[in-house]
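Please take a slow walk through the model shown here, beginning with the terms in which its parts are described and then moving from each chain to the place where the chains meet.

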Amino acid sequence: MNQRSSVDVHTERSQRQAQLEQVVADLLAEAKKRGASSAEAGVSSDTGLSVAVRMGELETVEHTRDNGLAVTVYFGHRKGSASTSDLNAEALRETVQAACNIARYTMEDPCAGLAPEERMASEIPDLDLYHPWDLSVDAAIRLATTCEQVAIDFDSRIENSEGASLNSNAGLHVYANSHGFVGGFPSTRHSLSCSVIAQQEGAMQRDYWYTLGRAAEDLDSAESVGRTAAKRALARLGARRIATCQVPVVFRADIAASLLRSFVSAVRGSNLYRKASFLVDHLGATVFPEFVRIHENPLLPRGLASSSFDSEGVATLPRDLVRDGVLQGYVLDAYSACKLGMQTTGNAGGVRNLSIESGRQDLADLLRELGTGLLVTELMGQGVNMVTGDYSRGAAGFWVEDGELVHPVEEVTIAGNLKTIFSGLLAVGRDVDRRGSIHSGSWLVDRLTVAGS
Amino acid sequence: MSEAFDIAQRAILAPVGLLQADLDQLLGQLAGSAVDAADLYFQSTRMESWVLEDGIIKEGSHNIDQGAGLRAVSGEKTGFAYSDELQFPVLLEAARTARAIARSGGHRRVQIQRSGSDLGLYQPIDPVTSLNEQEKIDLLRQVDAEARRSDPRVKQVIVSLAAVHEVILVASLDGSLSADVRPLVRLNVSVIAEQDGRREQGSAGGGGRQSLAFFLRQERAIGYAQEAVRQATVNLEAAAAPAGTMTVVLGPGWPGVLLHEAIGHGLEGDFNRKGTSAFSGRIGDRVASPGCTVVDDGTMEGRRGSLNIDDEGVSSQCTTLIENGILRGYMQDRLNGRLMNTASTGNGRRESYAHLPMPRMTNTYMLAGEYDPQEIVQSVDRGLYAVNFGGGQVDITSGKFVFSASEAYLIESGKITRPVKGATLIGNGPDVLTRVSMIGNDLRLDGGVGTCGKDGQSVPVGVGQPTLRIDELTVGGTSA
């Protein structure tokens with residue numbers, strides 16, 4: 001749909017960035033005028049194209065265009081926030097006014113305020129995050145159609161589909177605060193996904209696959225996404241329950257990332273200062289076996305979560321969260337750091353490109369090491385209790401004997417406690433899934449309770 | 001409804017000088033000459049929220065969002081564009097973009113008219129201003145004080161209060177113009193209690209399409225505080241939950257999330273039109289025990305899931321999904337209803353103007369049966385009694401669903417004995433209700449805190465049920 005040359009696009013982008021920088025500058029000026037002692041503001045502007053096809057036919061074409069603006073004002077240690085999707089001047093004034101009005105009623109909180117001035121990022125390196133895709137609607141439809149067709153043609157048992165969709169987004173985000181920090185950068189994100197249904201003897205199984213990247217050339221081919229979706233759905237056919245047992249478990253790479261996500265949640269400042277985590281007071285303690293290293297690299301070129309400053313303007317830096325199995329640091333923003341009597345770790349807005357170091361084994365090696373047990377390929381529900389670490393979720397996957405897949409499994413739960421899951425981690429595979437902000441290979445865990453028939 | 005129209009006119013159209021004739025013209029452009037359906041959806045939302053933590057009012061926020069979504073449908077194809085700017089030329093451009101999917105030019109003459117009925121399920125008020133700031137803050141502090149007063153083991157209390165004022169206006173190619181003003185309030189309390197180094201949480205809350213004064217009546221807000229503390233202190237005593245298949249008795253009210261996951265999603269029209277639901281093609285089949293009747297009812301007064309009209313301008317209704325154990329009907333929006341040769345059931349909902357509508361639930365519940373709840377518990381020799389739940393999830397295609405208990409007890413020899421830790425329950429949607437062997441006479445709706453997610457869109461919903469005995473359900477504990 002966008003036929004303009006890339007030079008024009010770049011010019012337009014820098015103009016847009018200048019506009020957004022002006023918007024945040026106006027917001028901060030308005031806050032100051034209204035008597036705020038400090039303020040911070042973020043503004044973003046995104047555009048995108050999303051097409052979906054199903055059973056070879058076009059289903060939807062969506063043109064997206066989202067603006068958003070959020071401002072927080074401080075009157076000493078009292079705080080008020082407001083946001084709007086409307087970027088015109090009058091709405092900006094009203095938004096600042098709404099934030100100031102809120103701050104009249106919030107109470108003195110010694111930790112409320114901007115992140116320390118000396119921690120602001122001084123340089124904003126180009127992390128290679130902006131790769132617009134000059135993709136026409138027709139070309140997008142063709143890619144999604146190919147992806148789905150490959151999946152349907154893969155096997156005669158794939159007779160139905162939830163379709164394939166292609167999304168391409170470009171956005172600009174600018175953050176500024178009254179320390180004088182202004183930071184912003186454009187970024188892009190493109191994805192192609194496919195979800196198909198395999199049928200056999202009246203039973204249906206659905207599965208999906210997707211590819212995601214900053215640049216079109218980083219995406220897997222439409223054919224490969226379609227094939228993987230088809231293989232995954234077919235592999236589930238004939239799934240059955242197993243008897244209740246306690247066995248070792250392998251979490252496939254795309255699922256293992258969710259365990260790392262739970263780890264991050266347990267070491268996040270907001271959970272720690274509220275004592276709402278099973279890892280309260282575990283800094284310097286052994287949480288994982290000695291071979292485990294968990295690393296965060298916010299500066300990863302083309303990384304899906306890369307940024308050189310966090311959502312408070314604090315410079316981000318690569319670091320180890322876990323080294324030799326020992327917890328080296330928490331995930332803190334300025335507020336939670338203050339509540340804990342610590343320093344921010346530049347994690348306002350979350351972790352950026354977190355990965356657990358892999359061993360040499362691939363998935364097949366891990367299954368051999370597992371021997372007899374469960375390979376988990378899907379988790380369902382929210383049964384994770386962050387306060388106690390108690391873990392109980394729905395699962396599907398494969399029963400494994402002597403390292404070989406025996407049959408697919410469904411309608412079972414797996415349960416344990418995250419503390420013992422972490423300490424019982426036996427190996428991390430080299431089959432790393434790099435989609436998203438958390439990267440992991442498959443995990444072999446010593447023992448969980450599987451509830452079934 | 002004329003009051004809703006006047007409010008929508010003032011809030012959305014007047015500030016940008018849009019007239020009804022402009023809407024006619026936009027629809028005409030959007031429809032072109034070869035489009036089956038088209039609509040303009042205008043929305044203005046204002047939200048305010050407050051958070052109390054550590055005994056102080058720590059945060060407050062205010063959000064305004066406004067825009068229009070323009071949709072053109074041709075066969076199964078949908079073209080969609082939206083804008084947060086409402087000036088006529090911007091909308092005209094969006095209309096042209098959206099209709100490009102139909103690959104036709106031209107302009108159709110459309111004349112819309114205000115449509116009639118108003119169910120009057122809630123007042124067209126702005127709940128944000130229904131209490132003044134000081135009253136809101138006093139309410140939060142009262143809840144905090146009550147939680148801390150009720151038990152010295154309470155170490156952490158977080159109270160949040162939110163009010164949303166949403167105004168919508170929908171103009172459809174069929175000539176209807178509808179408006180709705182939808183207040184929505186919610187209050188949540190979450191506590192952590194500590195004893196001998198062990199920490200457990202509890203949470204409670206409620207709300208609906210009400211003014212904030214709702215929380216002051218019948219000591220509701222104070223009740224939430226007591227309930228959250230009760231749950232946390234019960235969990236301080238909880239032992240490991242059992243693992244395996246057993247008889248489960250579900251309490252009334254929020255455990256109705258079972259129905260939402262196990263059958264509700266599977267009966268949404270889109271999945272059934274596409275044949276991707278485990279319930280596809282099963283109308284008329286027995287999918288539940290005799291005595292089980294399940295409805296989706298958008299017409300309950302003041303409820304969180306209720307709507308005067310859905311987001312396609314269709315009046316809400318009470319749709320029977322399962323009648324006496326037999327599958328009767330699906331929930332439809334306009335698109336899927338048309339493609340399945342049936343009418344919309346008023347279940348076309350969307351998170352906002354920036355999202356496409358699809359079939360969604362409103363308030364989904366099972367009607368009461370005849371058993372005394374105590375009799376139901378007494379009938380179980382060994383099993384689980386689960387009374388509070390977190391969320392759930394379902395795989396529409398295989399029918400497998402989960403929902404996670406946050407408060408549960410063992411039943412031994414017909415008596416509720418000791419509390420056990422939270423655990424996920426898993427089952428198969430198309431047959432779980434065939435194992436319902438007793439239905440209580442104590443139908444209750446949830447307190448008004450449910451939010452349902454589908455395809456990345458969140459909408460407020462309600463659930464409910466009487467006490468139910470289910471003969472076999474898999475309980476995901478650790479104690480084999």
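Two strands are said to pair if DSSP finds at least two bridges between them, and the helices (H or I, at least four residues) and strands (E, at least two) are themselves DSSP runs, numbered from the N terminus. By that reading, strand 3 (residues 78-84) of chain A is joined by four bridges to strand 2 (residues 56-74) of chain B, and the two run parallel. Within this pairing, Ser83(A) has Asn63(B) as its bridge partner in strand 2 of chain B.

This is a predicted model, in which local features need pLDDT of at least 70 and side-chain atom pairs count only at pLDDT 80 or more, while totals for chains, interfaces and linings use all residues. Residues are numbered from 1 along each chain as its sequence is written, chains are lettered from A and ligands numbered from 1 in the order in which they are written, and side-chain values use heavy atoms, with hydrogens and water left out.

Chain A has nine helices and 17 strands. Its radius of gyration (taken over C-alpha atoms) is 24 Å, close to the 22 Å that the globule rule (2.2 Å times the number of residues to the power 0.38) gives for 453 residues, so chain A is as compact as a globular protein of that length. Along the principal axes, the C-alpha atoms of chain A fill a box of roughly 70 × 55 × 35 Å.

Five strands of chain A form an open sheet with mixed pairing, in the order 10-9-8-11-16. Strand 10 (326-327) and strand 16 (438-439) of chain A stand at its edges, each with a single partner strand, so one side of each is left without a neighbour in the sheet. Inside this order, strand 8 (residues 294-296) and strand 11 (residues 354-356) of chain A run antiparallel and are joined by three bridges, with Ile356(A) in strand 11 as the bridge partner of Ile294(A).

Arg293(A) lies in the loop between helix 6 (269-273) and strand 8 of chain A, and Glu357(A) in the loop between strand 11 and helix 8 (363-370) of chain A, so the pair ties together parts that are 64 residues apart in sequence. Over all chains, the structure holds 56 salt bridges.

Turning to chain B, one finds ten helices and 24 strands. The radius of gyration of chain B is 24 Å, close to the 23 Å that the globule rule gives for 480 residues, so this chain is as compact as a globular protein of that length.

Chain B also has an open sheet with mixed pairing, made of six strands in the order 11-10-9-14-23-20. Its edges are strand 11 (326-327) and strand 20 (444-445) of chain B, each with a single partner strand, so one side of each is left without a neighbour in the sheet. Four bridges join strand 9 (residues 294-297) to strand 10 (residues 318-323) of chain B in antiparallel fashion, and Val295(B) stands opposite Thr320(B) in strand 10.

Where the chains meet, the contact (heavy atoms within 4.5 Å) takes 72 residues from chain A and 75 residues from chain B. Between them the chains bury about 5,700 Å², 50% of it on carbon and sulfur atoms, where buried area is the accessible area (1.4 Å probe) that two parts lose on being put together, summed over both. In chain A, Tyr105(A), Met107(A) and Met380(A) lose the most area to chain B, together 11% of what that side buries.

Nine salt bridges are counted between chain A and chain B, and the side chains of Glu85(B) and Arg65(A) meet in a salt bridge (3.3 Å, N to O). On the side of chain A that touches chain B, the largest share, eleven residues, comes from strand 2 (residues 57-75) of chain A.

Definitions and conventions:
A salt bridge is a side-chain nitrogen of Lys or Arg within 4 Å of a carboxyl oxygen of Asp or Glu.
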